[in-house]
Amino acid sequence: MSDAGTEQYNYKIVRSFAFSALFWLVIGLIVGLWIAFEMFNPALNLTPWLSFGRLRVVHTNGLGLGFGLAGIFATSYYILQRLTRTAIPFPRLAQAHLYLFNTTIALAAVSLMAGMNTTKEYAELEWPLDIAVVVFWVMFAINVFATLIKRREKQMYISLWYIIAMTIAIAILYIVNNLEIPVTLFKSYTVYAGANDANVEWWYGHNIVGFIFTVPILAMFYYFLPKSTGLPIFSHRLSIISFWALNFAYLWTGAHHLMLSPLPEWIQTVAIAFSIFLIAPSWGSVINGYYTLQGNWEQLRTNYLVKFFIFGITFYGLQTLQGPLQGLRTLNAFFHFTDWVIGHVHMGTMGWVTMIISASFYYMIPRITGNQLYSIKLANTHFWLILVGQLIWTITMWIAGIQQGAMWKATNPDGSLMYSFLDTLTSLYPYYRLRFAAGVIYFAGILIFVWNLIMTVRQSPMQDEAEQPTQKQELQSWG
Amino acid sequence: MGITSKPVVFAVLSAAVILIGSTVTVFIPLFMPSTQPVSAYVKPYTSVELEGRDIYMREGCNNCHTQTVRPLRTEVLRYGEYSKPEEFAYDRPFLWGSRRTGPDLNRIGGKYPDSWHYRHMQSPQSMFEKSNMPPYGWLAKNRLDTSNSYKKTSILGYGFSEKDVQQQINEYRSKVTSQTYLSKETRDLVTPAELHHELTEMDAIIAYLQKLGRDVKNLETKK
């Protein structure tokens, strides 16, 4: 164990993935703003490549697979090395992983704009790119397990459990949902038909959100919150229960996306039951987060990172209440297919996911470069802009959803429909304008975030060549 | 303490826990015929309709249009008979969608004449000033590529021979290019002169839209 201090961690890969994440974040948000504008001004559908139907998937894939995965890879490589006190065993493989990942995402964006789209949500990529995704995932998994096997720290801390679960679950989900028969290099058909395809797709669609936007983000939360506050996690036992319950229950719930559809009713009902159950493990993590700060709440004022973590976990808590509730049949009949759901998703992504990744990067980047953060003031501005932007965004969409849901259902005294479909759509345009404005506020916050990290790295370019001496004193174990 | 010091055991256990729900709610139903029933009244897509469906997918129409009418009073009132599982036996992939920015399309077939669709696809705003649907007039400028049509239907197991496929394509071409075609005037208006006698992507996507819900409507009228 004594040689642990001399071990050189591989921080280059962490940094490369972190900046890849920032790049895809900016691209994904620009596309998001563009399609948000198209929603009330169709003149922006300038060419087939820029039409809403093609760009929307560039937005979801760019942020989910581009930003989300790159952020997860960056933090996972960091957390893994620190918690095992072991450098990544195959640094070259990690480097290849980086190149293949970015090439795949770039080709994904281009191919989706060209209309190569399998239409299965969050799995729209055509089969050659699916293979590329599986290959880079295996590259990642090899380093994950090799690091864990070589580790110098006997116990695996909570965050490592979540990284293991994610590595396995995403592999299963992605491969099963993307089984397809190629017609040409750019076109394939799924092996499942109709209701079965829907069931497989939403088992995937729901859980890919779970295992990208929940599980690894919890890994970050459980690692970086104690790290940046100096406070241990409130309850180890609660985290064990939450972990296993979450992993068990999550996979049963996909069909709540298919309420009142032609899918067999028993699958829908089982999904509702498990969705309600899922509130418990989700809130297990929320409570664990809140109680960790017990007696130290003044850090919310004094430590700029704590704001991100606490607001982030709060949005996670809100979202994990809202999700199961909107899965209930009666509520689902009203809210499904409306903008309410769009609001729900974005509270998770713009609130929970981005806030936790932001704070994790703010913690990580100065430590791996040996620099101070460029500006805490800018980080605070970033926080408030993304908070306000996100709240206006999501609340606007909830109201829009309630309005459209009500208009769809409104009938005259004689039982006929009160509104034509077009009426229900055009009544939303004011909300769409406001949503766009909120998106701009949010985007401004993200630009500040990116700027702040670029400046942090740029401060002393000499240091990242000569491996940092600062990391030595940081070595501490998690018992 | 136990498994938290054994990464491989931990991984295997995680996989097992993850696979329980997946097996019960997804994998087992795959092998139950009741999940996706097949019924004789629902016919597979012709190769032209299938090409149209592929264009529907390429343009990501499913991002704004659903194809499931739920068994709710106002929904049946607005769109028609609610969706039945057997209707989707030939749908690979399913195209039920998740957001209705535009109306549901599962009962669109036969609701309007072809000419309505030609005009609407060409410029949605010319018919509904405030519509936010992108214009798709350029589909009429693209000749329909049928080079993989047979391969596609055979992968999907629709049971057509190569001759059947060619016949379906020829028949549909003669239909829309004939002098007596009811929507000839509008079709000629949106289609460039050099493609008047060819099948375009616009023709195919309209053929597809007209197929949606047709079998159910035929069944209803027979009753």
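What share of the contacts in chain A with a separation of 6 or more comes from residues 24 or more positions apart? In this predicted model, such residues account for 83% of those contacts.

**Chain A overall**

Chain A is built from 17 helices and two strands. Its C-alpha trace extends over about 80 × 55 × 45 Å along the principal axes. The radius of gyration of chain A is 22 Å, which agrees with the value near 23 Å that a compact globule of 479 residues would have. Of these 479 residues, 55% count as buried.

Two packed helices are described by the angle between their axes and the distance between the axes.

| Helix pair | Axis angle | Axis distance |
|---|---|---|
| Helix 7 (residues 215-229) of chain A and helix 14 (residues 339-369) of chain A | roughly 45° | within 10 Å |
| Helix 2 (residues 52-84) of chain A and helix 14 of chain A | about 35° | 11 Å |

Helix 7 of chain A and helix 14 of chain A cross at roughly 45°, and they are therefore oblique to each other. Their crossing is left-handed. On the side of helix 7 of chain A, the residues that meet helix 14 of chain A are A:Ile217, A:Met220, A:Phe221, A:Phe224, A:Lys227 and A:Ser228. Helix 14 of chain A brings A:Trp352, A:Val353, A:Ile356, A:Ile357, A:Ala359, A:Ser360 and A:Tyr363 to this contact. By class, the contact of helix 7 of chain A with helix 14 of chain A holds 10 nonpolar, two polar and one charged residue.

Helix 2 of chain A also passes helix 14 of chain A in a left-handed crossing. Here A:Leu63, A:Gly68, A:Gly71, A:Thr75 and A:Tyr78 of helix 2 of chain A meet A:Thr349, A:Val353, A:Ile357, A:Ser360 and A:Met364 of helix 14 of chain A. The residues of this contact divide into five nonpolar and five polar, with no charged residue. A:Val353, A:Ile357 and A:Ser360 are listed in the contact with helix 7 of chain A and again in the contact with helix 2 of chain A.

**Backbone exceptions**

Most residues other than glycine have a negative phi, and most peptide bonds are trans. A:Thr119 has a positive phi, near 70°. This residue sits in the loop between helix 3 (91-113) and helix 4 (127-150) of chain A. A:Thr119 is buried, because 22 other C-beta atoms lie within 10 Å.

A:Phe337 is likewise not a glycine, and its phi is positive at about 75°. A:Phe337 lies in the loop between helix 13 (329-335) and helix 14 of chain A. It has 23 C-beta neighbours inside 10 Å and so counts as buried.

In chain B, the peptide bond that joins B:Arg92 and B:Pro93 is cis, with omega about 0°. B:Pro93 belongs to the loop between helix 3 (73-79) and helix 4 of chain B.

**Two residues in helices of chain A**

A:Asn177 is in helix 5 (residues 158-177) of chain A. Is A:Asn177 buried or exposed? With 25 C-beta neighbours inside 10 Å, A:Asn177 counts as buried. Setting aside residues up to four places away in sequence, A:Asn177 touches A:Lys120, A:Ala123, A:Val200, A:Glu201 and A:Tyr204. A:Asn177 and A:Tyr157 are 20 residues apart in sequence, and their C-alpha atoms are 31 Å apart.

A:Ala245 belongs to helix 8 (residues 236-250) of chain A. This residue has 17 C-beta neighbours inside 10 Å and therefore counts as partly exposed. A:Ala245 and A:Phe277 are 32 residues apart along the chain, and 9.0 Å separates their C-alpha atoms.

In helix 4 (residues 114-122) of chain B, the buried residues include B:Asp114, B:His117, B:Tyr118, B:His120, B:Met121 and B:Gln122. The buried residues of this helix pack against helix 5 (124-127), helix 8 (184-190) and helix 9 (201-211) of chain B.

The contact between the chains takes 68 residues from chain A and 66 residues from chain B. Helix 6 (residues 194-213) of chain A supplies the largest share of the chain A side, eight residues. The residues on that side divide into 43 nonpolar, 18 polar and seven charged.

Notes. Residues are numbered from 1 along each chain as its sequence is written. Chains are lettered from A and ligands numbered from 1 in the order in which they are written. This is a predicted model: local features need pLDDT of at least 70, side-chain atom pairs count only at pLDDT 80 or more; totals for chains, interfaces and linings use all residues. Two residues are in contact if their C-beta atoms, placed from the backbone, lie within 7 Å. Helices (H or I, at least four residues) and strands (E, at least two) are DSSP runs, numbered from the N terminus. Ala, Val, Leu, Ile, Met, Phe, Trp, Tyr, Cys and Pro count as nonpolar, Asp, Glu, Lys and Arg as charged, and the others, Gly among them, as polar. Axes are lines fitted to C-alpha atoms, for helices over the stretch in contact, and angles run from 0 to 180 degrees between N-to-C directions. Angles under 35 degrees count as roughly parallel, over 145 as roughly antiparallel, 65 to 115 as roughly perpendicular and the rest as oblique. A crossing is left-handed if the near helix is turned anticlockwise from the far one by less than a right angle, and right-handed if clockwise. The radius of gyration is taken over C-alpha atoms; the globule rule is 2.2 Å times the number of residues to the power 0.38. A residue is buried if 20 or more other C-beta atoms lie within 10 Å of its own, exposed if 12 or fewer, and partly exposed in between; C-beta atoms are placed from the backbone.
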